[in-house]
Structures are given as structure tokens and as C-alpha cells.
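I opened this notebook to record what I looked up in one structure.

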Amino acid sequence: MDRMPYPTDISTSALKEQVVRTILPRVQTPAQYIGGELNAVQKPVQGLRGRICLAFPDSYTIGMSHHGLQVLYAAVNRRADWACERVFAPGRDLEQLLRQAQLPLWSLETFTPLHQFDIVGFSLQYELQATNVLTILNLGRIPLRSEERTHADPLVIAGGPCAQNPEPFAEFIDLFVLGDGEESLLELADGWLQVRSEGGDRQEQLARLADRFSYVYVPCLYRPQQDTEGRPLPPAPIRPEARPVVQSAVLGDLERFPLPTRPVVPHVAAVQDRITLEIMRGCPWRCRFCQSTTLKRPVRFRTVETILQAAWESYRATGYNEISLLSLSTSDYPYFDKLIDRLQAEFRPLGVSVSVPSLRVNHQWRMLALQLSTEKHSGLTLAPEAAREEMRRRIGKQITNEDLLEGCRQAFQQGFHRVKLYFMCGLPGETAEDLAGIVDLAEEIARLGRQVRGRNVTVTANVSNFIPKPHTPFQWHGMASRDYFQEAHRFLRRRVKMRSVQIKYHDLETSLLEGLISRGDRRLGQVIHRAWQQGARFDAWTDQFQPAIWQEAIAQSGINPAWLLHQPYSSDRPLP
């Protein structure tokens, strides 16, 4: 069903009463749909210029753990004349009940149906959230396709990592905002109210936004193109306002833009219940596989004093007992030792731990384990990406096994007894020796742990299937085949000899679909739409993913997945 039934609009108070009385008692974890959390912001409509609803196309427990959502929520709500509210993808049970009752999906703050907002903005963090975007639009009574929307509908925008290849989402999104959102979202919001007041049809209004903002991509202003073999080419502008190249918005001075110090505290346990502080943005390294390194340039830092002040304000506003330092490579923060020492000195007496989730294995890592605490965590998570140093040099990962092992030794001496390692298989030029090295390195760390601690430690090697993502130096390569990954997984499984070492693999079917969407063009929109019509939801969840639905949708579309996914591009060919 592409369009929800449109009965007479229901008031927000009547909608809330009916939902609370007849819907929520029949769904799992109803607290995620009711709003009213600590630090949630509810503004009266009177006196507002406009309202934005931030839509996270996944569950509440995942979306409430996303720092970017809290950043944008706080940024908009600092403005007295704008209100920002939230919505998350409803579970299958709630979706079914809303359809039966012909009720719209609402925002958590005011129970306002989504179609009554000025702007609905999606955060596209992962390709397999695509069908949830359609669910939110449809239940929110917003036409799925941009071309079907009128002046009565909200502006539907999207940003995030998946916006860097927006074409698979192009028919559903009015415009994409590339880059940092703290300033660009409000600039765009003010611009939308202005162009809407100036009149003209919807495409004309979108064209004026594209002309005004260099970081805006409006799909309807471009024509998709393919070569004679059906492989995608860059979309061609069809109006003068459409830029041949869209630039990313960059927040030049991270220090002057405040951290969210009153984050919304979820009603139910989220994936990450803690204070999150972004200490730097960007990464000083140039790993050839990493899309985030490219998207987050340049490197910008916050001062130690700014971070400490934000930590205290957040602690007082939430009561959380853990502080997590966020960046692409936290141990590369230039004042890292000073920051850790200050945080530990001020917060450890209060029973508040400090965690560092994104550690780069380098010389500094050798000493870092001495500064970490096992009070609340007994495990370390590290990302060597490849096990052999020759492959690491090829992919631009400048770390050594010597530093890795010495840091693990220090960690084991401090009481850590679990190590989680992240690797990739299917990297360009990979050999059997590279695969064998994954198991060998994991077992070497396990033996080291037993030597230091006198008993077994647990070492888990998580192996993901490499996808050459757009805007990375590997984007010209094709993704390895299904047969290759299956054989690689079997090889790794056979090689493990130690019971204290576990090898885990990312699901192959989801990896292949992620690769197809990330490397595909506008034709993927019809695949997403067909899969959604057939019941695809929450495809990133192992227990929800139904590969047969997607395989049928791809077959019906007539797309050749191999051309989009596995075939490399020549270095002189324009990329899609």
C-alpha cells in the first residue's frame, strides 16, 4: 500500500488519547512510542516559524544511541523560532495496528502526524535502513515519491553517510544535505520557508534551494544516465540551478559549536546508554577503505576544557555513569593523555567510568591500556582491519603487530580478559596468507593473554565482507563474489584451533545487498520500493531480514547486480 488512507485529520490530543488507550497496550515496549523523556523539548506551536521532525529509520533503541541525532535535535531547539521533534521506525506490530485503525505515525514530542511538519529529515546511516524510510513516510501520510508531493506536504530531506550516494533514495527524497548538519540544517530550514512564501511550483522552489546552497542535491533537477552496457554514469543536470558538483557543508570551527549537554534520556534501555562527547571530527589518516575518513575532512578538535565542561553539564543533566569519547580515531586527539587524566581524576570518585570506543593501534596505544579502567568493562575492541602488515600498508592502515601485541600485554596486566578484533576479508589483492593471518593473530593474542594472566582470555575476530564504497580510493574496484566470500569463511573456520578464539562473520546476504545499494544508481529505487511492498522491514536485523524478498525484487527490476556490484571501473571512466 503506497498511500495510507486519508480520513479527516485527527487532532493531536485525540490521536494521543486513542493511541494510548487502544494501540500501545497491544505492542511490545510501548514506552518507546510515548515521548516525554528527560530533557525532551516540547515547544508550543504559537510563535514558531517552523517545525522539523528528525526521522531515524530504525528502532528507538538504536536511534536514541545515535549522537548525530542528539546534536541536530539540540542545534534546532536552541533557536526560539524553530522546534525539532523526533520519530523512529515503528515495529511491525505497531505498523499493523496503525494501518488497521487508519491512524498516522506521530512525533514523540507533541503527537503531531508527520505530514503536518514543515520539514521531515532522515538520517541515512546504513543502506539497509532503506525500507524503513518508506514505512515512516507512508505511515506519516506523506506521498512516497517526491514527484507526487504538493505544497501541502513537508519538505523531505536526508543526510548522513548514505547521502554520499543518494541515487538509490532519489525518488523518495526531495533533497539531500551533504556534509555537516549543525549549521546547514537551519540555513536550509529558513531557506525553505522563504522560497515557499515566494510561490511557484514545488520543483521551482527546490531549484531555488539548489541554487542558493552549494551543499544541496535535488534529484529532480538531474537526469539519470547509463552507458551502452547499462552501467551507471553521473546524473546530468537538466536545469541551470543544478550544480555539476555538489560540495559538502563543513563546520569550520568545531570548538565554537556547543556539544549537546542535555541529551534526551530514553525511556527504555538503548544500545548505548551513556554520555557521548565528540572530541574531534575527521581523521588524520588516509585509510583507503574508509568512507568516513573522506567524508569528515578536515580534522577539527575541541579543547580539553570545553570537553570537561560538557562532561559536567551532561552528567548533571542525565545522571549517566559512563562517559564515552567519540571520534574516528580517539587516540589521535592531540591532548589525549591530558584529557583522560582529567576525566579520570574528576569523575572516577563519582563512580563514572570513561570509555574510548575507537582506538587506533599505534605507539601511543602501548601506554593507553595503563590509563583505562576495568571497573565497568573487562574487554577491549580494536580494529586492525588486516592481520598482515603488508596488507595493512596496501590499504593505508599504518599499524604494526608489535604495537598491537604490546598494548594487549599491558591491557591483560591491567585486568582485561576479553579482546574483540575487527578484520575485513575480500580486500583487493587478498591472498590465502592474509586470511590465515587473521586466525594466527587472534590465536597469538589468546596465547599472550594466557601467559600474562595464567588462565584463558577470550579473543573474538569479527570478519566483515569488504565493500568498495563510493568516495574512497577503492571505489574503482569491484566487490568480491559470493563464492569467494563463502570459501573465505570456510577457510577461516577450518583454521581455528584454539577454543578461546572465536571467528564471527558478517552475514553475507546483507553485505551483498549493502554493496548493491551503496554502489547502485537511481534504478535501485524501484528495487527498494518492490521489496518494501512485499514486506521488507528492518533489513539490518538478522531476525528480520528476508533475502528472498530482495532477490525477487531485483529479478523483477531487470537490473544486473553483477554489473553494479562486482565489475571494476576503469580509472578513466566517470563514476556514478
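The entries below follow the order of my look-ups.

Entry 1, the model. I note at the outset that this is a predicted model.

I first asked which members of the largest nonpolar core touch the most other members. I found W106, F122, I173, L175, F176, L209 and W550, out of 96 residues in that core. Helix α6, residues 184–197, gives the most to this core, with seven residues. I also listed a second, separate core of 33 residues, which includes L404, V419, A446 and A461.

I set aside its neighbours within four places in sequence and looked up what F122 contacts. The list holds A55, P57, V133, I136, L137, V156, I157, A158, G159 and I173. Of these partners, I173 is itself among the core residues that touch the most other members.

I asked how many residues of helix α5, residues 130–139, are buried. The count is 10 of the 10, so the helix is largely enclosed by the rest of the structure. Among the buried residues of α5 are V133, I136 and L137, each of which I had listed as a contact of F122. R141 follows α5 and has a positive phi, near 60 degrees.

Entry 5, the second largest pocket. I recorded a volume of about 780 Å³. The lining comprises 30 residues, and Q164, P166, H471, L575 and P576 lie nearest the centre. By class I noted 17 nonpolar, eight polar and five charged lining residues. β8 (232–237), α8 (291–295) and α16 (508–519) each supply at least two residues of this lining.

Note on methods:
Residues numbered from 1 in each chain as written. Predicted model: local features only at pLDDT ≥ 70, side-chain atom pairs only at ≥ 80, totals over all residues. Heavy atoms only, no water. Core = buried A, V, L, I, M, F, W, Y, C linked by side-chain atoms within 4.5 Å. Buried < 20%, exposed > 50% of the residue type's maximum accessible area, 1.4 Å probe, protein only. Helix = DSSP H or I, 4+ residues; strand = E, 2+ residues; numbered from the N terminus. Contact = heavy atoms within 4.5 Å. 1 Å grid on protein atoms, 1.4 Å probe; cavity = no way out; pocket = protein on both sides within 12 Å on 5 of 7 lines; lining within 4 Å. Points joined across faces, edges and corners; volume = space filled by probe spheres on them. Nonpolar A, V, L, I, M, F, W, Y, C, P; charged D, E, K, R; others polar.
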